[in-house]
Amino acid sequence: MRRPVVGVIGSAYRIENRFATQLVGERNLRAVADVAGALPLMFAAAPDITDIGALLDVVDGVVLTGARANVHPVRFGTEPDSRHEPFDLHRDELALALSKVCVARGIPLFGICRGLQEMNVAFGGSLHPEIRDLPGRMNHRMPRLENGEIHPDPNVVFADRHEVSLIPDGAFATILGCQTIRVNSLHGQGILEPGKRVVVEGVAEDGTIEAIRIAEAPGFALGVQWHAEYDPQRNPINRKLFQAFGEALLARQRQG
C-alpha cells in the first residue's frame, strides 16, 4: 500500500501585515510524518478554493490544527467581542463543514486545540472565549514573563501544566493505557457546552474539557485541547495518540 496522506488544515496569516498566506505549524507536519507514518498535505482553510469532496478523495485523514484565531461566536449563537479577536471566518466555515463530513464518511479526524473547539461547534456545542474567567478555573494560556511577553523558552511554554482525568474504558484510556495524564496548556477559549454527539472523555483538574470523541463515528474522531503535536516524537502520551491516528489511516486505506 502507498503511504497514507493526511490533510492538514491551514490558517489565515499575513506577512508584514500585507501579504495574505496560509500557515501550518511545522510541528503538525512532522508529527504526522514522523509518528503517524503519513504524508502531510497542507490545504487552504478557504472554502472558495478548497472543495471538501475533492479534498477527501485525495486524503486518508484530516488534522484540524491549533491556531491563533478563535472560532467566531456567531457560530454558536453568541455576540462577538473585539477583545477575543482575531477570528478566521473562512477557516470556521470550512473546518465546521469538514468535521461533519469526515465523521459521516468515517474518515479519520484528529482535532488539536482549536481543532477540538471546531469539532465541538460543528456538532452544536458552544465555547467560552476566556476559560480562566469562569469560577474555579485556572489560567490555561501559555506562560508569560513578568513584563507580559511570551516566555522565550519553548520548553517552558510547552511544558506539562496540569493533569487530565480520562473516563474509564473510553477511547483515550484504551489508547493510552491509563486514566490520568499530564498535558501542556496554551489556550484561552475552551468548550462551554458540549455538542449533542460530543462525548467528554477527559477533564482537567479545574473542570475544563480536554479530550472528546464524536459518538457513533464510524472512524477515528478524537479531539484534544492540548498541543499534542509539540513533542510526540518523545512524549509517550502524544506519541500514542498520533500512532493510533496512523493505525486508523491504514484501516481506512484497507477499506478502499
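How accessible is Arg-105, in terms of relative accessibility? At 35% relative accessibility, Arg-105 counts as partly exposed, where buried means under 20% relative accessible area, exposed over 50%, and partly exposed in between (1.4 Å probe, protein chains only).

The model examined here is predicted, so local features need pLDDT of at least 70 and side-chain atom pairs count only at pLDDT 80 or more, while totals for chains, interfaces and linings use all residues. Residues are numbered from 1 along each chain as its sequence is written, and side-chain values use heavy atoms, with hydrogens and water left out.

Turning to charged pairs, a search of the whole structure gives eight salt bridges, each defined as a side-chain nitrogen of Lys or Arg within 4 Å of a carboxyl oxygen of Asp or Glu. One of them joins Arg-105 to Asp-57, at 3.8 Å from N to O. Because Arg-105 sits in helix H3 (residues 89-105) and Asp-57 in helix H2, this pair ties together parts 48 residues apart in sequence; helices (H or I, at least four residues) and strands (E, at least two) are DSSP runs, numbered from the N terminus. Asp-57 itself is exposed, with a relative accessible area of 62%. Salt bridges with shared partners also join Arg-91, Asp-92, Arg-114 and Glu-118 into one network.

Another salt bridge brings together the side chains of Asp-60 and Arg-2 (2.9 Å, N to O). Asp-60 lies in the loop between helix H2 (52-58) and strand S5 (61-64), and Arg-2 in the segment before strand S1 (5-9), 58 residues apart. Asp-60 is buried at 8% relative accessibility, whereas Arg-2 is partly exposed at 48%. Within helix H1 (residues 26-34), Arg-30 and Glu-26 form a salt bridge of 2.7 Å, N to O; being four residues apart, the two are separated by about one helical turn.

The nonpolar interior comes next. A nonpolar core is a set of buried Ala, Val, Leu, Ile, Met, Phe, Trp, Tyr and Cys residues joined through side-chain atoms within 4.5 Å. The largest such core has 33 residues, of which Val-6, Phe-110, Ile-181, Val-224, Trp-226, Phe-242 and Phe-245 touch the most other members. Elements giving two or more residues to this core include S1, H1 and helix H7 (236-255), and H7 gives the most, with seven residues. Beyond its neighbours within four places in sequence, Val-6 is in contact (heavy atoms within 4.5 Å) with residues including Val-32, Leu-41, Val-63, Phe-245 and Leu-249.
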